[in-house]
Amino acid sequence: MVALVNSERGKAGCSPLTVNAKLTKAAQDHSADMAAHKNMSHTGSDGSSPGDRIQRAGYSWSTYGENVAYGYSTPESVMAGWMSSPGHKQNILNCSFKEMGVGLAQPGSYWTQDFGTAR
């Protein structure tokens, strides 16, 4: 997934993202929460926002973004879906982001990408 994101970013002239363990934890925890509640949303079952969850995972952010998706069976298919959606594509190609984390939970293939730039 990170290679796919960085390929798209490279085409747009953005620097590649590095994987951050705290963003990965936030993304994985949110994917697991969505799968457990069968609800695809940027709002967690506890009412949390993406910024809340990223901070809770220990990432001190100056800026962040989140993409979520449901039902795509492969990284390539979910990336194609995100790249065809203006808002999701904007997150992927936001050159101000420096790091990312990815989560995937079953059943149902609930995906989360969390992007950030640390303070």
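What you're looking at is a predicted model, in which local features need pLDDT of at least 70 and side-chain atom pairs count only at pLDDT 80 or more, while totals for chains, interfaces and linings use all residues. Residues are numbered from 1 along each chain as its sequence is written, and side-chain values use heavy atoms, with hydrogens and water left out.

**Stop 1: the annotated stretch**

Select residues 3–115. An unreviewed UniProt entry lists this range as "domain: SCP". UniProt positions are given here in the numbering of this model, feature names are shortened, and annotations may be inferred rather than shown by experiment. Over that range the chain is 43% helix and 22% strand, and the end C-alpha atoms lie 14 Å apart. Helices (H or I, at least four residues) and strands (E, at least two) are DSSP runs, numbered from the N terminus.

**Stop 2: the disulfide**

A disulfide is counted when a pair of cysteine sulfur atoms is within 2.5 Å, and the count here comes to 1. It joins Cys14 to Cys95, with 1.9 Å from S to S. Look along the S-S bond: the angle is -75°, and the link of Cys14 and Cys95 is left-handed. Cys14 sits in the loop between helix H1 (2–11) and strand E1 (18–19), and Cys95 in the loop between helix H5 (86–92) and E3, so the pair ties together parts that are 81 residues apart in sequence. Is each end buried or partly exposed? Cys14 is buried, at 8% relative accessibility, whereas Cys95 is partly exposed because its value is 37%.

**Stop 3: helix H2**

Colour residues 21–37, which form helix H2. Its 17 residues reach 24 Å from first C-alpha to last, close to the 24 Å expected at 1.5 Å a residue. That expected span is 1.5 Å times one less than the number of residues. At the start of H2, zoom in on Asn20: one of its side-chain oxygens comes to within 2.8 Å of the backbone nitrogen of Lys22. Just after H2, Lys38 takes a positive phi of about 50°.

Which residues of H2 are buried? They are Leu23, Ala26, Ala27, His30, Ser31, Asp33, Met34 and Ala35. Their cover includes helix H3 (50–56), strand E2 (61–70), strand E3 (99–105) and strand E4 (110–118).

**Stop 4**

Click Thr112, in strand E4. Thr112 is buried, at 0% relative accessibility. Contact means heavy atoms within 4.5 Å, and, not counting residues up to four places away in sequence, Thr112 touches a list that includes Ala27, His30, Ser31 and Met34. The side chains of Thr112 and Ser31 make a polar contact of 2.9 Å. A polar contact is a pair of N or O atoms within 3.5 Å; within protein, one must be able to donate a hydrogen and the other to accept it, and residues adjacent in sequence count only if both atoms are side-chain atoms.

**Stop 5: the nonpolar core**

A nonpolar core is a set of buried Ala, Val, Leu, Ile, Met, Phe, Trp, Tyr and Cys residues joined through side-chain atoms within 4.5 Å. In the largest one, with 13 residues, pick out Met1, Val5, Met79, Trp82, Ile92 and Phe115, which touch the most other members. Helix H4 (75–83) and E4 each give two or more residues, and the largest share, 4 residues, comes from H4. The buried residues of H4 are Val78, Met79, Gly81, Trp82 and Met83, and what covers them includes H1, E2, H5 and E4.

Next, centre on Ile92 in helix H5, which is buried at 0%. Leaving out residues up to four places away in sequence, its contacts include Val5, Met79, Trp82 and Phe115.

**Last stop: Leu17**

Finish at Leu17, in the loop between H1 and E1. Leu17 is buried, with a relative accessible area of 4%. Beyond its neighbours within four places in sequence, its contacts include Val5, Met100 and Phe115. Try the distance tool on the C-alpha atoms of Leu17 and Ile92: they are 75 residues apart along the chain and separated by 9.7 Å.

Note on methods:
Buried < 20%, exposed > 50% of the residue type's maximum accessible area, 1.4 Å probe, protein only.
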